Amino acid sequence: MATSATPGATPQALEPLTKRKAWQALQVHYDKVRELHLRKLFSEDTRRGERMTAEAVGIFLDYSKNRITDETVKLLIRLAEESGLRQQIDAMFRGDKINFTENRSVLHVALRAPRGASILVDGENVVPQVHAVLDKMAEFSGRVRGGEWKGHTGKRIRNVINIGIGGSDLGPVMAYEALKHYSDRAMTFRFVSNVDGTDFAEAVRDLDAAETLFIISSKTFTTLETMTNAHTARAWSLATLGGDEKSVARHFVAVSTNAAEVAKFGIDTANMFGFWDWVGGRYSMDSAIGLSTMLALGPDNFRAMLDGFHQMDEHFRTTPFEQNLPVLMGLVSIWYNDFFGAQTVAVLPYEQYLKRFPAYLQQLTMESNGKHVTIDGTVTYPTGPIYWGEPGTNGQHSFYQLIHQGTRLIPCDFIAFGQPLNPLGHHHDILAANVFAQTEALAFGKTPEQVKAEGTADWLVPHRVFEGNRPSNTILASKLTPETLGKLVALYEHSVFTQGAIWQINSFDQWGVELGKVLAQRIVPEVESQSEPSLKHDSSTNNLIRQYRKLRDAS
């Protein structure tokens with residue numbers, strides 16, 4: 001059923017979070033259970049590992065190895081209810097302008113809505129617009145992948161380089177690496193984001209410009225880093241292709257909304273793929289920003305990924321909180337962040353293809369919820385934990401030491417799959433065994449008595465004791481497919497939403513990235529000035545600029 005978006009306005013602030021009854025009850029409850037050990041919780045409830053699970057749309061969540069009781073879960077759900085989480089979910093899916101600081105709807109869920117669905121923004125159904133862009137992307141992808149689209153010299157396109165930054169890079173590069181198994185291996189895909197010239201130089205050093213297509217991903221087509229790299233790519237391409245300006249239209253396409261700047265660059269606006277202001281950059285990998293993903297995987301696999309997103313969207317929208325995967329994960333994160341004082345969350349995918357997934361989640365989580373101001377302009381509690389991670393089993397031989405025996409509490413998300421994409425002997429069974437072993441070791445540890453029973457010398461016992469009681473979630477799915485990746489990304493998107501809704505912060509603006517960008521625009525001409533610039537920064541910044549100019553100009 002279609003519903004209309006409401007005018008942008010500051011949402012009505014609820015009672016301050018720490019004054020809500022559920023919060024205060026959680027504080028009392030925390031004082032009672034904070035010393036409880038997972039050994040005791042499991043010994044007293046032999047079915048705990050079966051009860052504290054949830055499963056939906058092919059994703060299984062075991063949250064039993066968390067320092068929670070049934071009462072904890074009930075109180076956290078009550079907190080979600082008192083915080084108006086259900087109403088805020090409905091508002092997002094309706095298209096209400098919940099990004100109130102920018103007067104925008106937040107409708108990444110519309111990017112994966114099926115044909116025939118209706119989601120209104122300012123009275124207009126945006127779903128047909130979404131599918132029009134998807135169809136245009138599919139048509140273009142078919143031409144490139146099939147060899148119909150030729151470069152300026154008539155050669156087939158064999159290399160694709162995506163130039164973007166932030167959400168215009170992290171999503172596409174993560175998706176490409178995650179789904180490389182399904183990609184066209186006759187083509188090369190690379191990603192340039194850093195304004196450091198090394199990033200571009202290494203991306204093109206072994207490529208033939210006549211066979212290379214650049215995707216310039218910038219909504220405004222003015223982003224400093226992206227456009228610096230784009231103009232460098234243009235110069236590189238022209239230098240190889242004889243300087244013919246007409247070649248730009250055969251080797252560059254744009255993901256943007258600024259037709260004037262796109263045309264000025266030399267790109268045919270017929271090859272400009274648009275998106276909308278209700279799509280935040282870190283939520284845009286399933287929009288036209290994913291053009292490189294579709295070129296790599298093909299339209300069918302891209303649409304399968306969108307279907308996975310949509311399945312998780314519908315689960316989040318319709319499922320009671322008690323069995324709602326993103327809600328449960330978001331609530332548990334709040335429990336550790338705000339009550340235990342845990343400052344970080346480790347995301348540990350036991351799948352090599354997901355090696356960029358933790359980096360992608362860093363932007364999704366920390367740009368969304370790294371806020372110190374609530375809807376009513378104040379904050380008195382921690383928000384936005386730090387997300388980090390590395391694929392297993394690599395991490396086991398580095399930072400897991402700190403997780404197991406360090407002084408900091410680090411909740412962990414383990415991600416694993418039942419079936420490998422590259423079956424090689426016993427590799428996958430060994431990989432899975434390590435997942436289960438790590439969660440077991442973190443939860444239950446090893447007591448002094450157990451260490452002594454192994455014949456360990458008394459002086460060595462403390463060094464070999466594992467305290468345990470280190471919490472974790474385990475997320476299991478059958479296989480890493482495009483559909484599964486969509487489900488996993490949406491799972492974390494909605495977990496982020498859950499946390500932001502309870503904290504009463506705007507998870508969809510990112511003013512914190514603006515100040516440094518503005519100051520950089522001011523400093524660039526000072527750095528590049530042929531004459532000694534008149535500097536009016538603080539003494540440190542002034543001195544650093546002078547030192548840089550000396551180093552740069554040294555013979």
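Contact here means heavy atoms within 4.5 Å. The model is predicted: local features need pLDDT of at least 70, side-chain atom pairs count only at pLDDT 80 or more, and totals for chains, interfaces and linings use all residues. Residues are numbered from 1 along each chain as its sequence is written, and side-chain values use heavy atoms, with hydrogens and water left out.

Start with tryptophan 335. Leaving out residues up to four places away in sequence, Trp335 touches Leu26, His29, Tyr30, Val33, Arg67, Ile68, Thr72, Leu76 and Phe340. A nonpolar core is a set of buried Ala, Val, Leu, Ile, Met, Phe, Trp, Tyr and Cys residues joined through side-chain atoms within 4.5 Å; buried means under 20% relative accessible area (1.4 Å probe, protein chains only). The largest such core has 122 residues, of which Trp278, Trp335, Phe357, Leu485 and Tyr492 touch the most other members. A second, separate core holds 23 residues, including Ala203 and Ala254.

Ala110 contacts Trp278, Ile119, Val126 and Val130, its neighbours within four places in sequence aside. Ala110 counts as buried because its relative accessible area is 0%. Its place is in the loop between helix H5 (85–94) and strand E3 (120–121). Helices (H or I, at least four residues) and strands (E, at least two) are DSSP runs, numbered from the N terminus.

Now the sheet. Five strands form an open sheet, ordered E6-E5-E7-E8-E9, with parallel pairing. Two strands pair if DSSP finds at least two bridges between them. E6 (188–192) and E9 (272–273) are the edge strands. E7 (residues 212–217) and E8 (residues 252–255) are joined by four bridges. Serine 217 has valine 255 in E8 as its bridge partner.

Methods
Buried < 20%, exposed > 50% of the residue type's maximum accessible area, 1.4 Å probe, protein only.
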